[in-house]
Amino acid sequence: RKHARPHHLIPIITDEKRPARLRVKAVQALSYASDPDSETILIDLVHGRLSSAPKLQQTAARALGRRRSGDGLQALLETVTDGSDPKLQRACIRALSTFSAPQALRVLKAMRPDVDLRTRGILEDAIDAITDRLENNRRR
């Protein structure tokens, strides 16, 4: 997986005629690749620039959570507050829960009054996870 070549995967990801499952697998492969180009592709996917397929955007959000980079964090923070796609929003919330980032905690707490009931539990779990991680980091 670490040897996935992002430029070979882009045609698979962006080809709407390819099976959705194959396209999702290609995005998942990028989450394990160690090069910066993979990060850029995942960010473009989350923002809907390479594909507007919701499943690909959600998979890219989860991949950014797995990678835990600063650029990925920023992309997730920008996308999570959009709120136009509840499933994408939930994927971003779950991805943000993997970070030890005070800014993620602030953004998620500010979202509390605006999320639907289904998203509320995911949001509270993410807030708890980030809070615990930040407290553990302070204790070290």
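# Helix pairs and a buried arginine

Me: H4 and H5 are oblique to each other in this predicted model. At roughly what angle do they cross?
Reply: H4 covers residues 54-67, and H5 covers residues 70-80. Their axes come within 9 Å. The H4 and H5 axes cross at roughly 140 degrees.

Me: Which residues of H5 make the contact with H4?
Reply: The crossing of H4 and H5 is left-handed. On the H4 side, the contact is made by Ala61, Leu64 and Gly65. On the H5 side, the residues are Gly72, Ala75 and Leu76.

Me: How many charged residues does the contact of H4 with H5 have?
Reply: Sort the contact residues of H4 and H5 by class. There are 4 nonpolar and 2 polar residues. The number of charged residues in this contact is none.

Me: Are H2 and H4 roughly parallel or roughly antiparallel?
Reply: H2 spans residues 20-32, and its axis is 9 Å from that of H4. The two helices pack at an angle of about 15 degrees. Angles under 35 degrees count as roughly parallel. Therefore H2 and H4 are roughly parallel.

Me: How many charged residues are in the contact of H2 with H4?
Reply: H2 brings residues including Arg23, Val24 and Val27. H4 brings residues including Lys55, Leu56 and Arg67. By class, 7 residues are nonpolar and 3 are polar. The charged ones number 4.

Me: Is the crossing of H6 and H7 left-handed or right-handed?
Reply: H7 covers residues 102-111. The axes of H6 and H7 come within 11 Å and cross at roughly 140 degrees, so the pair is oblique. The crossing is left-handed.

Me: Is Arg90 buried or exposed?
Reply: Arg90 lies in H6, which covers residues 86-96. Its relative accessible area is 7%. Under 20% counts as buried. So Arg90 is buried.

Me: With which side chain does the side chain of Arg90 make a polar contact?
Reply: Leave out residues up to four places away in sequence, and Arg90 touches Asp116, Arg118, Thr119 and Ile122. A polar contact needs a pair of N or O atoms within 3.5 Å. At 3.1 Å, the partner of the Arg90 side chain is Thr119.

Methods
Residues numbered from 1 in each chain as written. Predicted model: local features only at pLDDT ≥ 70, side-chain atom pairs only at ≥ 80, totals over all residues. Heavy atoms only, no water. Axes fitted to C-alpha atoms, helices over the stretch in contact; angles between N-to-C directions. Helix = DSSP H or I, 4+ residues; strand = E, 2+ residues; numbered from the N terminus. Parallel < 35°, antiparallel > 145°, perpendicular 65-115°, else oblique. Left-handed = near helix turned anticlockwise from the far one by under 90°. Contact = heavy atoms within 4.5 Å. Nonpolar A, V, L, I, M, F, W, Y, C, P; charged D, E, K, R; others polar. Buried < 20%, exposed > 50% of the residue type's maximum accessible area, 1.4 Å probe, protein only. Polar contact = N/O pair within 3.5 Å; in protein donor to acceptor, adjacent residues only side chain to side chain.
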